[in-house]
Amino acid sequence: MTVSPRACARLSLITLALALAGCVTAPRAPVTLNLVAINDFHGNLEPSKYTYTSAATGKSETLRAGGIEALSGALATWRKEDKDLLFIGAGDLIGASPALSSMWADEPSIEAMNLLGLRLSSVGNHEFDQGRKELLRQQAGGCDSPRPGKACRLTPVFGGARFTYLAANVLDSATGKPFMPAWRVEDVKGVKVGVAGAVLQGTASVAVASAIAGLQFIDEADAINKALPQMRADGAKVFIALIHEGGRTDESPDQPGCKGLTGGVVDIVKRLDPAIRLVITGHSHQGYLCTVDGRVVTQADAAGHLLSRIAMKVDPVSGAVADIDVRNIVMNPEQFPADPKVSSYLANVKERSRTALAKPLGKLGTASVARKANEAGESPLGNLIADAVLAATQAQGAQIGFMNNGGIRKDLETSDAALTTNFGHAQAVLPFGNTLVVMDLSGAQLRRLFEQQWQRPSASSATILQVSQGLTYRWDDKRPVGQRLVPGSLKFNGAPVEDNKTYRVVANNFLAEGGDNFPEFAKGTNRVDTQVVDLDALSDYIAKHPGVDGAAAGMAPAVRIDKVRAQQRSNAKTL
């Protein structure tokens with residue numbers, strides 16, 4: 001059959017139209033990206049006490065929550081629903097850890113995160129506890145460690161983290177560049193997700209100075225915003241920030257859309273690029289699901305007590321975020337049966353650790369010595385530790401002992417009806433392995449030191465130093481900052497502290513270098529690092545003082561530190 005030229009032309013146009021129609025891609029449906037976030041795990045391989053008030057019931061509940069077995073069960077359950085689930089963290093996965101992890105240089109916690117399938121985490125300030133070299137070893141693996149007595153002792157080979165630490169705002173002072181990756185792009189269900197990580201800019205105030213030598217900590221928001229064009233160039237369309245800085249709220253940890261968040265992270269969030277709709281935070285050890293400046297801001301308490309479960313509904317082409325649903329889920333071991341591989345790993349670590357952890361130290365006068373402070377800022381456990389460090393260094397002339405609250409990580413507990421405490425319990429209280437430094441301070445310096453308890457950065461609350469027996473004072477929060485010591489109240493062994501007199505004091509090396517925003521310690525003279533470890537000092541003190549701290553353990557009235565109360569002011573006015 002012969003086809004006319006005009007018919008051929010019509011056929012060609014139809015063919016072309018059909019071909020063009022085939023090239024047009026139909027709009028893709030929104031994609032739900034499922035994420036799970038953890039922060040401030042601190043090597044808590046086993047469950048620990050957790051008390052919270054649920055928004056659903058309004059009731060306070062207490063249980064043992066967390067531990068890698070419960071975490072593994074939850075993640076396994078949720079991965080059955082979505083195999084592409086992305087597990088990420090916001091720092092302090094290691095450091096300030098119980099002995100089960102710290103006695104092995106935190107290698108068990110790194111391996112636990114590997115088993116749980118963690119992909120990314122910002123660094124936290126505690127990742128720097130053992131210094132830059134050790135952090136890089138824990139990322140890359142190997143046995144060249146500043147802790148040769150602990151590293152590669154659990155297993156002869158340590159492979160390091162199979163997840164990536166992110167540190168956008170931590171720069172090598174020599175090069176001006178991030179000393180670890182600033183960001184990573186993850187492909188989740190065909191959507192490129194850019195994740196940037198940062199640690200609080202004030203890390204220098206909460207880390208041992210020697211551990212972060214050669215590093216510079218810059219503004220968190222500026223560093224993350226700088227990473228966005230680089231992530232976009234790598235194809236990212238959805239953006240998440242992991243920030244190891246946090247806030248506080250009175251709202252329940254499972255209350256969605258909380259509005260009352262305060263603290264250091266709030267200003268950071270407000271200055272982030274608008275493309276960042278989700279900010280996962282840490283550091284303040286609170287659970288919250290808040291909204292700040294139109295963004296979702298989460299935190300999952302600490303120690304694995306909670307996991308934040310997040311569902312982001314996004315346009316796969318533009319990356320536009322249509323909705324973010326967030327929930328904080330309590331990690332109740334009874335509700336999440338463990339992954340057998342994780343249970344087997346934990347059992348092996350516990351068996352290897354059993355003998356050392358169970359070593360008895362001595363008897364206490366109570367089942368538990370509390371770290372919780374009274375209204376004046378004094379705690380039974382703080383008193384005990386301050387007395388212990390003083391006793392350990394009196395041969396070097398120490399007269400007054402100090403302890404910082406932040407270094408006391410747990411209550412001091414006992415292991416049996418005879419009120420015996422063991423190495424594992426003591427190590428959980430003082431996990432850092434700080435050494436004790438003796439120095440001279442004048443009476444005037446002591447006054448300035450105590451006033452620095454209230455001269456804090458704007459986002460921080462007062463930090464009351466724990467003091468040894470013999471040192472007493474009163475303070476008044478209605479007096480101006482810098483003048484809160486009540487005149488004439490600062491006394492040593494009952495005598496007023498004299499400005500021109502020299503006093504020999506002892507503190508851990510973190511405080512001695514000016515840590516926790518106490519720069520007066522760094523000005524001390526005739527300094528001697530005794531190389532006595534604070535944990536050894538506490539252990540020795542308990543052994544030599546059976547029944548210690550029984551009377552004070554129940555939060556007795558202030559003995560060393562007193563705070564002026566409203567009634568006392570009223571009485572003073574009427575005199």
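This is a predicted model: local features need pLDDT of at least 70, side-chain atom pairs count only at pLDDT 80 or more; totals for chains, interfaces and linings use all residues.

What should helix α6 span at 1.5 Å a residue, and how far apart are its end C-alpha atoms? Residues are numbered from 1 along each chain as its sequence is written, and side-chain values use heavy atoms, with hydrogens and water left out.

**Entry: helix α6**

I looked up α6, residues 220-233, and found that its 14 residues should span 20 Å; the end C-alpha atoms are 21 Å apart, which agrees. The expected span is 1.5 Å times one less than the number of residues. Helices here are DSSP runs of H or I with at least four residues, strands are E runs of at least two, and both are numbered from the N terminus.

Next I asked which residues of α6 are buried. They are E220, A221, A223, I224, A227, L228 and M231. Buried means under 20% relative accessible area, exposed over 50%, and partly exposed in between, with a 1.4 Å probe and protein chains only.

Contact means heavy atoms within 4.5 Å.

I then checked both ends. Just after α6, G235 has a positive phi of about 100 degrees.

**Entry: S205**

I found S205 in the loop between β9 and β10 (215-217). Is S205 buried or exposed? Its relative accessible area is 18%, so S205 is buried. The S205 side chain reaches the backbone oxygen of G202 at 2.7 Å. That is a polar contact, a pair of N or O atoms within 3.5 Å; within protein, one must be able to donate a hydrogen and the other to accept it, and residues adjacent in sequence count only if both atoms are side-chain atoms. Leaving aside residues up to four places away in sequence, S205 touches F510, G515, D516 and N517.

**Entry: disulfides**

How many disulfides are there? I get 2, taking a disulfide as a pair of cysteine sulfur atoms within 2.5 Å.

C143 and C152 form one of them, with sulfur atoms 2.0 Å apart. The torsion about their S-S bond is about -95 degrees, so this disulfide is left-handed. C143 is partly exposed at 40% relative accessible area, whereas C152 is buried at 13%.

C258 is joined to C290, S to S 1.7 Å. Here the S-S torsion is about 70 degrees, so the disulfide is right-handed. C258 lies in the loop between β11 and α7 and C290 in strand β13 (residues 287-292), so the pair ties together parts 32 residues apart in sequence. C258 is buried at 1% relative accessibility, and C290 is buried at 2%.

**Entry: the sheet with β1**

I traced an open sheet of 6 strands, in the order β6-β5-β4-β1-β15-β16, with mixed pairing. Two strands pair if DSSP finds at least two bridges between them. β6 (164-166) and β16 (321-330) stand at the edges with a single partner strand each, so one side of each has no neighbour in the sheet. β5 (residues 120-122) pairs with β6 in the parallel sense over 3 bridges, and the bridge partner of S122 is L166 in β6.

Helix α2 (residues 68-81) lies across β1 (31-38), β4 (86-89), β15 (306-314) and β16, at about 20 degrees to β15. Axes are lines fitted to C-alpha atoms, for helices over the stretch in contact, and angles run from 0 to 180 degrees between N-to-C directions.

**Entry: the sheet with β19**

I also traced an open sheet of 5 strands, β23-β19-β27-β22-β28, again with mixed pairing. β19 (residues 400-403) and β23 pair in the antiparallel sense over 2 bridges, and M403 stands opposite Q466 in β23. Helix α11 (residues 443-451) packs on this sheet, touching β19, β22 (435-442), β23 and β27 (502-508), and its direction makes about 115 degrees with that of β22. Helix α14 (residues 534-544) lies across β22 and β28, at about 70 degrees to β28.
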